[in-house]
Amino acid sequence: MTDVLITGTGLFTPEHAIDNEALVASFNTWVDAENARHAAAIEAGEREPLQHSSSEFIVKASGIHSRYVLDAAGILDPERMRPRLPSRSNEEPSIQCEMGMAAARQALETADVEPGDIDMVIVACSNLERAYPAVAVELQARLGTQGHAFDMNVACSSATFAIDLAASAIRGGNIRRALVVNPEICSAHLNFRDRDSHFIFGDACTAIVLEDAELATAEVRFEILGTRLATRFSNAIRNNAGFLNRVTDSDPLASDKLFVQEGRRVFKEVCPMVAALINEHLESLGLDGNQLSRLWLHQANHHMNDLIARRVLGHDPEAGQAPIILDRYANTSSAGSIIAFHLHHADLASGDVGVVCSFGAGYSAGCVVVRRQ
C-alpha cells in the first residue's frame with residue numbers, strides 16, 4: 001500500500017477576539033433587560049428570573065478564556081447577540097471560501113506544493129453556508145487545483161473523517177495529493193442568549209495537505225499509520241436548522257435551530273467512547289498509550305480532554321503532551337484538533353508517534369495515528 005504523509009497545515013484566525021469579561025457583560029445586560037421586561041410575571045411566580053453568567057463560571061465549566069470570531073460587534077450588542085456578516089453577491093468569494101483560501105495557501109506553502117498539484121479538495125465542517133454549489137468546488141476554482149472537490153459534514157469530526165477519506169483515496173491510487181479544509185463559523189449557530197452555552201464557540205479555519213510519500217519534499221512530514229472512525233446516534237447534541245423548516249412551518253428563530261446540547265450527558269457518553277476508540281486503534285497498530293508523544297484532541301472542554309488523555313496515556317498528561325488551545329480559541333468544532341496539531345507538532349523528533357482525534361455530534365469520533373518522519 002502507498003504510504004500517505006501529512007506535509008503541510010494552515011490556520012486562518014479571525015482578527016476579532018472576545019474575552020470572557022466582554023461576553024459576560026453583554027449577556028448580563030440582556031438578562032437584566034429581560035428580567036425587567038418580565039418583572040410582573042417574575043414577581044407573581046409565573047416566570048423564573050434569568051441568571052447572570054460570569055467569567056469564573058465559564059472557566060470552571062470549560063477552560064475557555066477567549067475566542068476569535070468573524071464579527072465581535074454584533075455578538076456583543078445586547079439587542080442583537082449574533083454576528084453581523086453582510087450578504088455577498090454571487091460573484092464574490094463566499095465567506096467560507098475566503099477563509100479556506102487563507103488557510104489553504106499557508107498549508108500549500110508549508111508542504112512546498114503548488115495548487116495545481118492537488119487532485120482533490122474536501123471542505124469538511126459542521127455547517128456549510130449554502131447547499132450548492134459546493135464551497136469546495138468554489139475553493140478549487142479560486143485556488144486553481146485540479147481533479148475534483150466536494151463538501152462533507154460530520155459535525156465536529158469532519159476534519160478527521162475527511163483525512164480518512166483523502167488518505168484512502170491516495171492509498172488506492174486514485175489521487176496523489178489532497179487538500180482538506182475546515183472553515184468553521186461556529187458563532188453563527190451559537191445561541192448567545194443561553195447561559196449554559198453562550199461562551200462555547202469561536203471561529204477559525206484549518207487546512208491540511210496529504211501526499212503520496214513518493215512525492216513529498218516538505219521538511220516536516222508525518223506518516224499516517226492508520227485511521228479509525230466511529231459513529232453512534234444521539235440527540236444529545238443537535239441543530240434542527242435545515243431547508244425543510246420552511247415547509248414544516250416551524251419557527252425559524254426557535255432555539256432548536258441553533259446549537260443545543262445536554263452537556264453532562266455528552267460528557268458521560270462521549271469520553272468513554274473516544275478513549276476506547278483510541279486505545280483499540282492503537283492496539284490494532286501494535287501500539288499503546290505509553291508510546292505516544294502527543295495527543296491532539298478535539299478542543300471543546302478541558303475536563304473532557306483531561307479524562308480522555310488519562311484513559312489513553314494511563315496517567316495525567318505531562319506538560320505539552322495533550323496541548324490545549326481552547327483557552328484562547330474556544331471550541332472551533334472540526335478545526336480544533338487540527339489547530340492543536342498545527343501549533344504543537346514542530347518540536348517532535350523523528351519516530352515520535354501522536355494521535356489526532358476529534359469527536360462530537362452524531363455522536364461521531366475520528367482517530368488518526370501519525371509518526372514524525
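What radius of gyration does the protein have, and what value would a compact globule of 373 residues have?

**Figure 1. The whole chain at a glance.** The protein has a radius of gyration of 21 Å, which agrees with the value near 21 Å for a compact globule of 373 residues (taken over C-alpha atoms; the globule rule is 2.2 Å times the number of residues to the power 0.38). Keep in mind that this is a predicted model, in which local features need pLDDT of at least 70, side-chain atom pairs count only at pLDDT 80 or more, and totals for chains, interfaces and linings use all residues. Residues are numbered from 1 along each chain as its sequence is written, and side-chain values use heavy atoms, with hydrogens and water left out. The C-alpha trace spans about 75 × 55 × 35 Å along its principal axes. Twelve helices and 13 strands make up the secondary structure (DSSP runs numbered from the N terminus: helices are H or I with at least four residues, strands are E with at least two). Of the 373 residues, 53% count as buried (under 20% relative accessible area; exposed is over 50%, partly exposed in between, with a 1.4 Å probe and protein chains only).

**Figure 2. Strand β13 and its two partners.** Eight of the nine residues of β13 (residues 364-372) are buried, so this strand is largely enclosed by the rest of the structure. On one side, β8 (residues 222-231) pairs with β13 in the antiparallel sense over nine bridges (two strands pair if DSSP finds at least two bridges between them). Look for E223, whose bridge partner in β13 is R371. Strand β12 (residues 353-360) is also antiparallel to β13, over eight bridges, and here G360 stands opposite S364.

**Figure 3. The turn between β12 and β13.** These two strands form a hairpin with three residues between them, and G362 in the turn has a positive phi of about 140 degrees. Y363 lies in the loop between β12 and β13, and a cis peptide bond joins G362 and Y363, with omega about -10 degrees. For context, most peptide bonds are trans.

**Figure 4. Strand β6, buried along its length.** Nine of the nine residues of β6 (residues 177-185) are buried, so the strand is largely enclosed by the rest of the structure. R177, L179, V181, P183 and I185 point one way, while A178, V180, N182 and E184 point the other way. Strand β4 (residues 120-124) runs parallel to β6 over four bridges, with M120 opposite A178. Nine bridges join β6 to the antiparallel β7 (residues 203-212), where I185 stands opposite D203.

**Figure 5. I122 and its surroundings.** I122 sits in strand β4 and counts as buried, at 0% relative accessibility. Not counting residues up to four places away in sequence, I122 touches F150, M152, A162, L165, A166, L179, V180 and V181 (contact means heavy atoms within 4.5 Å). The C-alpha atoms of I122 and A136 are separated by 5.9 Å, although these residues are 14 apart along the chain.

Figure 6. Y132 and P133 are joined by a cis peptide bond with omega about 0 degrees, and P133 lies in the loop between β4 and α6 (135-143). D249, in the loop between α8 (245-248) and β10 (260-261), has a positive phi near 60 degrees and is exposed, with a relative accessible area of 68%. S333, in the loop between α11 (326-329) and α12 (335-343), has a positive phi of about 50 degrees and is buried, with a relative accessible area of 2%.
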